[in-house]
Amino acid sequence: MSKLGSIGARLYRGEVGYDFVAKRKIWYGISILITITAIVGLAVRGLNMGIDFSGGAVFTTPTTSVSAHAAEETAKEASGHTAIVQKLGNKSLRIQVSELSTSDSRQTQEALAKKLDVPTDKINTDIIGPSWGDQIANKAWMGLGIFMVLVVIYLAIAFEWRMAIAALIALVHDLSITVGVYALVGFEVTPGTVIGLLTILGYSLYDTVVVFDGLKESARGITKQSRYTYSEIANRSLNGTLVRSINTTVVALLPVAALLFIGGGFLGAGMLNDISLALFVGLAAGAYSSIFIATPLVADLKERDPQMKALAKRVRAKRASAAAKAEAGGADGSAADDAADDAADEPDDDEGDDGDDTAAAGVVGPRRQPAARNRGRGRPSGKRR
Amino acid sequence: MAAPKKGRRSPGGQGRPGRVLALILIAMVALVGGMFASGHTTPRLGIDLAGGTSFTLEAKNQPGKPNAINTTNMNTAVGIINRRVNGLGVTEAEVQTQGANHIIVNIPKGTNAKQARQQVGTTAQLGFRPVLNTTPVSKSPPPSPTPSPSSPSAKGKDGKDNKGDKDSKGDKAKDGDKVSPSGSATPTGTPTTKTQGRAVTDALKADSTPDPEVTGKGQDGKKGDKDGKDGKKGDQAPKPSQTPSGSPDAAALQKQLAELDCTTKEGMAKAREKAANAAPKDTVVACKKDGSAKEILGPVAVEGTDVNGASAVFDSQRGQGWIVQLKFTSGGSKKFADVTGKLASQQPPQNQFAIVLDGEVVSDPSVSQSIAGGEAEISGSFTQQSAQDLANVLSFGALPLSFDVVTETTVTAALGGEQLHAGLLAGAIGLALVIIYLVAYYRGLALVALASLAVSAILTYTIMTLLGPAIGFALNLPAVCGAIVAIGITADSFIVYFERIRDEIRDGRSLRPAVERGWPRARRTILVSDFVSFLAAAVLFIVTVGKVQGFAFTLGLTTLLDVVVVFLFTKPLMTILARRRFFASGHPWSGLDPKRLGVKPPLRRRRPSAPVDPKEA
């Protein structure tokens, strides 16, 4: 436990860390690969639209003692689609099966008749329209569009336009992965799925905004120093909020995983499985994209800004001179102290340093970081109060 | 508890945590108490979890429109019915077509099925027609004498009494409250409707001045009735009715009017159907909804499609009770101003216009001047419920077809109980895992997190339960799953705050300042991110319909509760706990042990490096 706590502390101080930003190309590649797979899956297999969207056939049986569950099994086996069975007031059954036209439904009708032990013509077959009409779908799309525009405007004001764009890309990334998984797994798309997707939309943005908030704070006054480039600051802020990100993701995913694996395991396919799959994939993708996609994207965009370019140049120049000084053997006393402190953490530190592209920063960094932190901290709180 | 006392002792920035905690605890107790008092201790469940009532509607073939029943019209009807039954968008009702000419409407258990039936069955074809002639009808002669319609003081009373009277007569006895069949403005001493109707009709046929007494009474009655409607006219002397002159059909119309039976349910239904199916440009005869009069109405002057929206309001100023206010589109307002301008110059009764809904005259106010501004109101013996129902139905427009409810049956849950049970079981297991994780990682702090989650859960549950009877909120399986995900979002707020506190401790602060310094920054993060969630919820709720709207409502509710819980519960609780020795001293099990958090003892040695930095910068 103490190990975990101290890792948190060292992540916070920037002593250890994974260089998300420098290795962004790998993660971009992985994401693009997954997204392409998802899109291909969507294009090739298509989505299996449930009865609420596509309509289907509805069978009305005479009064029967067969249980709804048994009828559902029968209908599912005969038709190959998910069936919704409701018992009506007079003990008869209403069985809805998706994507069946009246002519195709003969087989199901016969199977049901056999199960219920009644003549086939006693089971009434009818075409049923979607309960989730075009109107609901169109309005949902419109709502989604308006929301995206508003959220981009909001993020552009609250943060900046680069973050707004990155958040939007991350969002689209999460949604397309989730939809792709649906296409590949072949689960039926129900209203529950759509609602799951919308939940992800909310969660993905929420998560991204929490990470960006940390980034905004660390990047405050960045042009007034020449120690770190924007990318490095972004990386440190990511590592600083990493513990929070992991904890939040675990806490959000545990109940959903329970729904998916335990609930689904007991029952087989069902509405519960549909929703929890969408949520599980989407939440995982949302947590992943905030860290591996959104923030590196912001860093990428930001580094193109002239101010940031100038900063990066200054940082490089300074490091070159610092390295020259270090080689001249001018390490002062406090650096020696730090080196002694850090010696205990050697293995971890090495890992962290390997990730750094400038070797010099590995030596100089730890000494100066606490100071930079104090400075950054003192200023905003002074303003606030 | 000692907490409040401590709260008072600490001044300034720390606030009064004890009071805030007491506040939210009182709110919780009030909500839970309210829940038990209301008698609803479980949230209303959607069709998928609890079943409900299913109606089958059959589209009726209308004379003169053989091809009206087609896919387009059926789909439009589904859309309109969906919005009608979904009202606020949280009832989770389902509407779908079945076969070529049926529509199935599924309504979750606990919805007022009778009301829903009325809502789905009403066509809501609205039209404003000028009144050409009107004849009062009375089923049973009221005993009391006619009050003077000219006395201003009598007007209000007259109106009210008349309303009561109309209620007693009304065939649609759903308004059946406050019935007081006294002080009526209906003609006195007239033995039957028939005589009266005939008297006027005869007079019109003859196109001569009729017996003043009979007509006078007729007018009187109508006028009294009018007073009941709009309460502003009432000073005109009885005048003979005017013949709808120049019309070749006048005689035929008079015959129709005479034949019109507004005294029995069947007669009214027949009259309603006939008038409803008439073309807008035809002159029609129709009954008043309450059966108090029958009228000859001119062509439709303003159509229902010109109405932009409708709302039910309580009119306390003029004592009309519940009325329905209509807003016209810009085209509609112009038409309405024109027609009212024209009508104002006419003699009574031709200065009246009738608001005709599905072939029945709902009200027939007279106009004294052109009404601009694009608003009109329908008044007349509404209860709150009936006014709201009518406003709801009118807001969403008329159905392109008329429907009969052919069956009404109960249906069981679409998903079956095992899905809900499995879901709840899995949710409980998931929650247990979350608890184990939090305790393992945050130790003592996990207590704060769990208490906050519990508060959040109690608030969510009670509010959802109370919203069931209040606005028809129904919880379906997706909403239950959404609530489970909300555990993550709510827990995130605590985690953000806890990590802030730990960061402050890592900077070498002791717990109390850490709790206070960490808060402003955690607060901002929580607010910014919750705002995005809330924005999603608000936009989706406003723009969408149906189940998406229901989802948006749940999301918005849980987000708001998250903010409430963090601000009013977690933060004050943290402030109080920070004063406890167990936490303040960094007990190994408090989750705030500086050693475990990796705070390095030689902090002082790090400090000297600070002055070096400004030189470099």
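Analyst: Helix α6 (residues 134–158) of chain A and helix α16 (residues 511–543) of chain B cross at roughly 150°, and their axes come within 9 Å. Axes here are lines fitted to C-alpha atoms, for helices over the stretch in contact, and angles run from 0 to 180 degrees between N-to-C directions. Helices (H or I, at least four residues) and strands (E, at least two) are DSSP runs, numbered from the N terminus.

This is a predicted model: local features need pLDDT of at least 70, side-chain atom pairs count only at pLDDT 80 or more, and totals for chains, interfaces and linings use all residues. Residues are numbered from 1 along each chain as its sequence is written, while chains are lettered from A and ligands numbered from 1 in the order in which they are written.

Back to the pair. α6(A) and α16(B) are therefore roughly antiparallel to each other. Angles under 35 degrees count as roughly parallel, over 145 as roughly antiparallel, 65 to 115 as roughly perpendicular and the rest as oblique. Their crossing is right-handed.

Which residues of α6(A) meet α16(B)? Among them are A:Met142, A:Gly143, A:Ile146, A:Phe147, A:Leu150 and A:Tyr154. On the α16(B) side, the residues include B:Val532, B:Leu535, B:Ala536 and B:Val539. Contact requires C-beta atoms, placed from the backbone, within 7 Å. By class, the contact of α6(A) with α16(B) has 14 nonpolar, one polar and one charged residues. Nonpolar covers Ala, Val, Leu, Ile, Met, Phe, Trp, Tyr, Cys and Pro; charged covers Asp, Glu, Lys and Arg; the others, Gly among them, are polar.

Next, the strands. Strand β4 (residues 93–98) of chain A has six of its six residues buried. A residue is buried with 20 or more other C-beta atoms within 10 Å of its own, exposed with 12 or fewer, and partly exposed in between; C-beta atoms are placed from the backbone. A:Leu93, A:Ile95 and A:Val97 point one way from β4(A), and A:Arg94, A:Gln96 and A:Ser98 the other. Strand β2 (residues 56–60) runs antiparallel to β4(A), joined by five bridges. Strand β3 (residues 83–87) also pairs antiparallel with β4(A) over five bridges. Strands pair if DSSP finds at least two bridges between them. A:Ile95 is the bridge partner of A:Phe59 and stands opposite A:Val85. In the β3(A)–β4(A) hairpin, five residues lie between the strands, and A:Lys91 takes a positive phi near 70°.

A:Asp117 also has a positive phi, about 65°. This residue sits in the loop between α5 (106–116) and β5 (124–128) of chain A. A:Asp117 is exposed, because 9 other C-beta atoms lie within 10 Å.

Technical notes
A crossing is left-handed if the near helix is turned anticlockwise from the far one by less than a right angle, and right-handed if clockwise. Two residues are in contact if their C-beta atoms, placed from the backbone, lie within 7 Å.
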